[in-house]
Amino acid sequence: MGAWQLVVTGAVMLLGLFGVLVPGVPGTWLVWAATAWWALHEKSGLAWWLLVAATALLLLTQVIVWQLPARRLRGAGVTVRMVVYAGVGALLGFVLVPVIGAVPGYIGGIYLSERFRLGGHGPAVASTRTVMRAIGGSVLVELFACLLVVGGWIGAVLDG
């Protein structure tokens, strides 16, 4: 697989990661589709195992998300700025503390957004709790699963 194809695959995966944060965008399926496209062109044992693992993980994630309460965006006061801060926080956390850093990064991004908007620690903590109850669980589960798949893909590309 050429360098440009890897760049396009990575771009689609990045778009999928941000798509997880935006309601109505099939971010999880974009990550899976990019993984499948890469595996079909790579044709190695590692690529196929990654595709099988990604498929199983992302299907399990969808089942878990369906079991969680529905996203209630309007009542929680979720803004575009908050979504961006949460996504960037999760991505930075995932890179700085591999895998497990995504969770505190996501929550920290929401807190930082609310701290700027509300001005104080107490109101920001209360608002972060409200947002996490409304949408945090389902988005966090999806984002974490997609980050695992993207991390596995990066590892496979670097290994291969």
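In this predicted model, the axes of helix α2 (residues 27–42) and helix α7 (residues 121–159) come within 10 Å and cross at roughly 20°. Axes here are lines fitted to C-alpha atoms, for helices over the stretch in contact, and angles run from 0 to 180 degrees between N-to-C directions. Helices (H or I, at least four residues) and strands (E, at least two) are DSSP runs, numbered from the N terminus. Residues are numbered from 1 along each chain as its sequence is written, and side-chain values use heavy atoms, with hydrogens and water left out. Because the model is predicted, local features need pLDDT of at least 70 and side-chain atom pairs count only at pLDDT 80 or more, while totals for chains, interfaces and linings use all residues.

Given their crossing angle, α2 and α7 are roughly parallel to each other. Angles under 35 degrees count as roughly parallel, over 145 as roughly antiparallel, 65 to 115 as roughly perpendicular and the rest as oblique. The crossing of α2 with α7 is left-handed, a term used if the near helix is turned anticlockwise from the far one by less than a right angle, with right-handed used if clockwise. From α2, Thr28, Val31, Thr35 and Trp38 meet Glu142, Cys146, Val149, Val150, Trp153, Ala156 and Val157 of α7, where contact means heavy atoms within 4.5 Å. The residues in this contact of α2 with α7 comprise eight nonpolar, two polar and one charged. In this classification Ala, Val, Leu, Ile, Met, Phe, Trp, Tyr, Cys and Pro are nonpolar, Asp, Glu, Lys and Arg are charged, and the others, Gly among them, are polar.

The next partner of α2 is α3. These two helices pack at an angle of about 165°, with their axes 9 Å apart, which makes α2 roughly antiparallel to α3. Their crossing is left-handed. On the α2 side, Thr28, Trp29, Trp32, Thr35, Ala36, Trp38, Ala39, Leu40 and Glu42 take part, and they meet Ala47, Trp48, Leu50, Leu51, Ala54, Thr55, Leu58, Leu59 and Gln62 in α3. By class, 13 nonpolar, four polar and one charged residues form the contact of α2 with α3.

In the loop between α2 and α3 lies Lys43. Lys43 has a positive phi of about 55° although it is not a glycine. With a relative accessibility of 64%, Lys43 counts as exposed; the term means over 50% relative accessible area, whereas buried means under 20% and partly exposed in between (1.4 Å probe, protein chains only). Lys43 and Met1 are 42 residues apart along the chain, and their C-alpha atoms are separated by 9.6 Å.

Helix α1 also packs against α7. The angle between α1 and α7 is about 165° and their axes are 9 Å apart, and they are therefore roughly antiparallel to each other. The crossing of α1 and α7 is left-handed. Leu6, Thr9, Gly10, Met13, Leu17, Val20 and Leu21 of α1 make the contact with Val139, Glu142, Leu143, Cys146, Leu147, Val150, Trp153 and Val157 of α7. This contact of α1 with α7 divides into 12 nonpolar, two polar and one charged residues. Trp4 is also found in α1, and at 71% relative accessibility Trp4 counts as exposed. Trp4 and Ala39 are 35 residues apart in sequence and 15 Å apart in space, C-alpha to C-alpha.

The largest nonpolar core has 34 residues. Such a core is a set of buried Ala, Val, Leu, Ile, Met, Phe, Trp, Tyr and Cys residues joined through side-chain atoms within 4.5 Å. Those with the most contacts inside it are Leu17, Trp38, Tyr106, Ile110, Leu143, Cys146 and Leu147. Two or more residues each come from α1 (3–21), α2, α3 (45–67), α5 (80–96), α6 (102–118) and α7, and α7 gives the most, with 13 residues. Leaving aside neighbours within four places in sequence, Ile110 is in contact with Met82, Ala86, Thr128, Val131 and Met132.

Phe116 is found in helix α6. At 52% relative accessibility, Phe116 counts as exposed. Not counting residues up to four places away in sequence, Phe116 touches Arg81 and Tyr85. The C-alpha atoms of Phe116 and Gly27, 89 residues apart along the chain, are separated by 27 Å.
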